[in-house]
Amino acid sequence: MRFADYFGRAFASVGSAQFPWLKIFKESPVAKLVDIPLAHISEDVYRTSVDWLSQKTPEALGSFVSWLLDSILADLTSHLGAVKGSKKVVQPAPSKSQVAIFAVLAMVVRRKPDVLISLLPTMKENPKYVGQDKLPVIVWVFLQASQGDLVVGLYMWVHLLLPLLCGKSCNPQSRDLILQLIERMLSTPKARPIILNGAVRKGERLIPPASLDQLMKVTFPAPSARVKATERFEAIYPTLKEVALAGSSGSKAMKQVALQISNYAIKAAGEGIPDLSNEASNIFIWCLSQNNECYKHWDKLYLDNLSASVLILKKLSDDWRIHSSKQLSLDPLRETLKLFKQKNEKALAKEDDAAHHALLKDADKYCKSMLGRLSKGPGCLKILMVLAILALIAAVVSQNMQSWDWDLNKLLEKFNLPQNF
């Protein structure tokens, strides 16, 4: 508190007329907010301050940040006035110079951005941190945190602001502000390798499966729900998706993530929105390539998510060469297709609904098509390879017949083939 008092005295002469922060936050783009008000503090003072702050415990800094943020929100409330009909008493604005409060809060979250993560549960649940009028302050705080640690800034954006984008009450101004923040973060030099390197932080994913589901839905809405911001979502989505799917392929943790994502993906694929269905189907197939348990999970979900399953089967069938080469093993796919075929036959025998019957017929068609390809097995491919090599040998031999010694061993050696070929 003495640290805050020092800056309060230093900026005592700066009043609301010199620092109209509400007006500044309302009228300035996020890119211009980043250095407000730290641009007015010398480098030496800033360096001494953050060095001192770094010696404090996370608990002490957490309480300090709460006090600073509450002071700003109290000032905001005093300016906006009490809500009509509210019985709550509006807190008076703090006596400290507001520019000092902002400066100190910015220094703390830049030097120790992790403090915000410890406050995240409170910020989610306490109404005083929630609301369209509080959003500029929250965005500014997360912007400062991203200056100290881009991964922490993105973590806070994903867990607190992304859900707001999915809400029906998010107005265009709020949507623009939230998008400006993530666009600013992703435009930081080397942002992609930094956030990919921090995709898993202390065992927790930067973009968990539920958040990937939210990202898909705001990026690929129904045609009637498209807004001006949709193109901006489409621009940031590939990088965020890459972070959501990042990890050590084959690891226990990654297998679990794939299983969780597959549950969201198959439901999204069945929502009947073409772009969303296409993206969700691709992600579901990615899950199959990461964990064979996803096949068993798919078998459980198959009939309850038939329209989505048909889309996935069609995509697997149409792009067979690509998808089959990425699977860990084709055996789980073969066994799953056999189970699907049995379910299709049983369901077709008693299905009366025409639309559902058509889906089952399509599913059965794709299952049989892929089972036919799988039944050929690796032996057939080897035979085709041998025939191709023999054809090549015949072509070359016909052109060089007179100059070659017709010794079989020499011929095998010439084409670098084993003696038992």
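Analyst: Cys367 counts as buried because its relative accessibility is 0%, where buried means under 20% relative accessible area, exposed means over 50%, and partly exposed lies in between (1.4 Å probe, protein chains only). The model is predicted, so local features need pLDDT of at least 70 and side-chain atom pairs count only at pLDDT 80 or more, while totals for chains, interfaces and linings use all residues. Residues are numbered from 1 along each chain as its sequence is written, and side-chain values use heavy atoms, with hydrogens and water left out.

Cys294 is also buried, at 0% relative accessibility. With a disulfide taken as a pair of cysteine sulfur atoms within 2.5 Å, the count comes to zero disulfides; Cys294 is in none, and the nearest cysteine sulfur, that of Cys287, is 5.3 Å away.

Lys315 is buried yet has no salt bridge, and the nearest side chain of opposite charge, Asp319, is 5.3 Å away; a salt bridge requires a side-chain nitrogen of Lys or Arg within 4 Å of a carboxyl oxygen of Asp or Glu, and in assigning charge, Lys and Arg count as positive, Asp and Glu as negative, while His and the chain ends are not counted. Leaving aside residues up to four places away in sequence, Lys315 touches Asn278, Ser281, Asn282, Ile285 and His323, contact meaning heavy atoms within 4.5 Å.
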